[in-house]
Amino acid sequence: MSLIIFGLGAITVLILWGITGWIKRNQIKLSWPSWLGVILTTLLALFTVAWLLSCIIERETQAAGMGLLIFGALAFIVFGLTRKKIIRDTKSQAKGK
Amino acid sequence: MNNKTKTAIKLDRRQFLKISALATTSGALMGTSENRSPIKITNKCQRMDQKNTIFSRQLWDYEFVKRIESSIDRASMEALEKVKGWTPLDQALDAAAWALDHKFASGSEGGQPHSQAYEWDEPVRRKKVEFQNPKDASRKIKKAARYLGADLVGISPYDPLWTYSLLIKENFESEPGSDGKPEFEHFVPEFPFEPKSVVSIAVEMDYETMALSPSSLESAATGLGYSRMCSVGYSVATFIRALGYRAFANGNDVSLSIPYAVAAGLGELGRHGMLITPEYGPRVRLVKVFTELELKPDNPKAFGAWEFCKNCKRCADACPSQAIPTGEPTLEGKTISNNPGVLKWYIDPEKCIQFWRENGTDCANCITACPFNKPPMWHHQLSAGIVALPVAPIHTIMAKMDKFFGFGDVNDRRANAAFWEKD
Ligand code: SF4
Ligand code: SF4
């Protein structure tokens with residue numbers, strides 16, 4: 001269990017590091033809905049991974065699969081919407097410049 | 001009163017009696033008479049005669065025993081040895097898990113009061129250890145109980161309503177009569193002291209083997225629970241006696257267990273007639289210690305289980321004998337082993353025990369299928385938090401999701417076969 005917590009912490013750091021680096025490099029200013037999307041996607045992705053690993057530890061394979069399907073799909077949908085919103089944000093910022 | 005009577009017929013004691021938790025509750029009540037319970041108790045609720053509990057009926061209810069015996073198919077019982085979960089290897093584990101209980105508490109397992117590890121009058125230290133106050137005493141007793149192996153421990157005042165009005169005990173010393181039937185005593189309980197407090201102890205049963213219900217491997221989980229009950233119960237009673245206060249442990253004998261556990265804040269009553277704890281769900285066994293030591297009682301704790309049960313019927317669906325009701329809570333059950341007067345779901349212990357006999361071992365489908373039966377992992381604790389919300393549609397969705405995710409599956413032959421392959 002402590003390994004899972006360590007792993008999740010490491011993934012969180014990597015995701016946030018990646019996002020902030022990408023924002024800085026491209027000089028993008030994210031709107032609050034985009035930030036919300038980023039945070040939600042991160043949380044859902046982390047939840048999916050944590051669920052998956054915990055179910056594997058418990059040997060509950062069906063629960064692991066169903067969790068991956070449902071929570072993973074949810075994370076993917078939120079990610080898609082957020083991505084769309086960020087692209088729109090960057091486009092409107094480029095126009096403004 | 002000491003009323004000796006001949007018994008009619010004797011069932012296979014172990015098989016017949018492992019039903020304790022179910023029988024206790026099905027024959028029983030809920031809450032305590034001092035308004036400490038979240039459950040409604042009416043005037044119709046009286047002290048129960050132990051003779052009517054499902055496990056004690058084997059001593060005298062000839063018709064009932066005959067009916068159950070007649071449903072056993074001996075040929076298929078012999079063939080069972082080839083089925084995964086009932087192989088000689090599985091049965092050996094079952095026997096080993098029950099061994100301590102059979103050695104030191106086989107009487108109580110079958111409802112025999114005042115026997116072996118659960119005797120009432122063990123020696124007590126002469127000089128009493130003084131405590132600052134009942135709160136201080138409670139804290140120390142609980143600390144010791146956890147040290148001695150209790151997974152959950154709570155305290156409530158002694159309430160005579162939950163002690164059987166009459167006890168029943170098979171008289172092993174007397175010679176059987178000419179008809180070969182043993183004798184039993186039927187008597188008013190007279191303890192060597194006036195109990196003031198009850199220490200309720202829950203011991204967890206193994207998750208992995210419990211999930212293999214119904215089989216010998218699942219029976220091993222139950223057996224290990226019984227063995228731990230007698231070890232922890234006897235140890236805690238000994239601790240209190242070593243402090244200079246009279247105390248004795250009791251399991252399936254003497255009194256009901258669940259009303260005390262609810263009053264002590266260990267959990268809530270479920271549709272399947274068992275205690276549901278927030279930590280382990282119904283996957284626990286209960287033992288209690290009666291003592292003359294005055295202890296500070298805990299408060300009952302509702303965490304949403306009773307409300308959840310109204311919208312979840314997984315135990316009823318998983319029950320092979322349709323012994324668990326699917327409707328609303330009522331004030332009485334259908335058999336003499338149900339004690340009326342408490343608003344709850346009354347299971348049918350006769351149907352339940354009949355299935356046990358047909359099955360060749362016991363059954364714990366209702367424990368396994370219950371969505372509260374989970375190991376203590378973060379994601380289950382999160383679900384428990386959601387379940388605690390008093391919103392009926394959420395309960396219905398959560399109960400469906402639990403099944404959808406594959407939790408609480410029963411009759412899983414493949415899992416039984418895989419048991420010995422896993423490290
Ligand atoms: S599932 Fe039914 S038959 Fe099995 S123990 Fe529970 S009540 Fe009895
Ligand atoms: S299975 Fe559902 S209805 Fe039955 S006791 Fe558990 S929560 Fe209640």
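**Exercise 1. How close do the axes of α3(B) and α13(B) come, and at what angle do they cross?**

Solution. This is a predicted model, in which local features need pLDDT of at least 70, side-chain atom pairs count only at pLDDT 80 or more, and totals for chains, interfaces and linings use all residues. Residues are numbered from 1 along each chain as its sequence is written, chains are lettered from A and ligands numbered from 1 in the order in which they are written, and side-chain values use heavy atoms, with hydrogens and water left out.

Step 1. Helices (H or I, at least four residues) and strands (E, at least two) are DSSP runs, numbered from the N terminus. Axes are lines fitted to C-alpha atoms, for helices over the stretch in contact, and angles run from 0 to 180 degrees between N-to-C directions.

Step 2. The axes of α3(B) and α13(B) come within 9 Å and cross at roughly 40°. That makes α3(B) oblique to α13(B), given that angles under 35 degrees count as roughly parallel, over 145 as roughly antiparallel, 65 to 115 as roughly perpendicular and the rest as oblique.

Step 3. The crossing of α3(B) past α13(B) is right-handed; the term applies if the near helix is turned clockwise from the far one by less than a right angle, and left-handed if anticlockwise.

**Exercise 2. Which residue forms a salt bridge with Lys44(B), and how far apart are the closest N and O atoms?**

Solution. Step 1. A salt bridge is a side-chain nitrogen of Lys or Arg within 4 Å of a carboxyl oxygen of Asp or Glu. Over all chains the structure holds 16 of them.

Step 1. The partner of Lys44(B) is Glu332(B), with the closest N and O atoms 3.1 Å apart. The pair links distant parts of the chain, 288 residues apart: Glu332(B) is in the loop between α12 (314–318) and α13 (349–359), and Lys44(B) in the loop between α2 (20–26) and α3 (62–70). Glu332(B) is partly exposed at 46%, and Lys44(B) is partly exposed at 48%.

Step 2. Lys66(B) and Glu63(B) form another salt bridge, at 3.9 Å. These two residues are separated by about one helical turn, because they are three residues apart in helix α3 of chain B. Lys66(B) is partly exposed at 38%, whereas Glu63(B) is exposed at 52%.

Step 3. Glu292(B) and Arg246(B) are bridged at 3.2 Å. Glu292(B) lies in the loop between β9 (284–291) and α11 (305–311) and Arg246(B) in the loop between α9 (216–242) and β6 (247–250), so this pair ties together parts 46 residues apart in sequence. Glu292(B) is buried at 15%, while Arg246(B) is partly exposed at 35%.

Step 4. Salt bridges that share partners join Arg57(B), Asp61(B), Arg67(B) and Glu350(B) into one network.

**Exercise 3. Locate the backbone exceptions.**

Solution. Step 1. Most residues other than glycine have a negative phi, and most peptide bonds are trans.

Step 1. The peptide bond from Ser213(B) to Pro214(B) is cis, with omega near -5°. Pro214(B) is found in the loop between α8 (207–210) and α9 of chain B.

Step 2. Val254(B), not a glycine, has a positive phi of about 70°. Val254(B) lies in the loop between β6 and α10 (258–263) and is buried at 0% relative accessibility.

Step 3. Gln322(B) has a positive phi near 50°. Gln322(B) is in the loop between α12 and α13 and is exposed at 56%.

Definitions and conventions: Buried means under 20% relative accessible area, exposed over 50%, partly exposed in between (1.4 Å probe, protein chains only).
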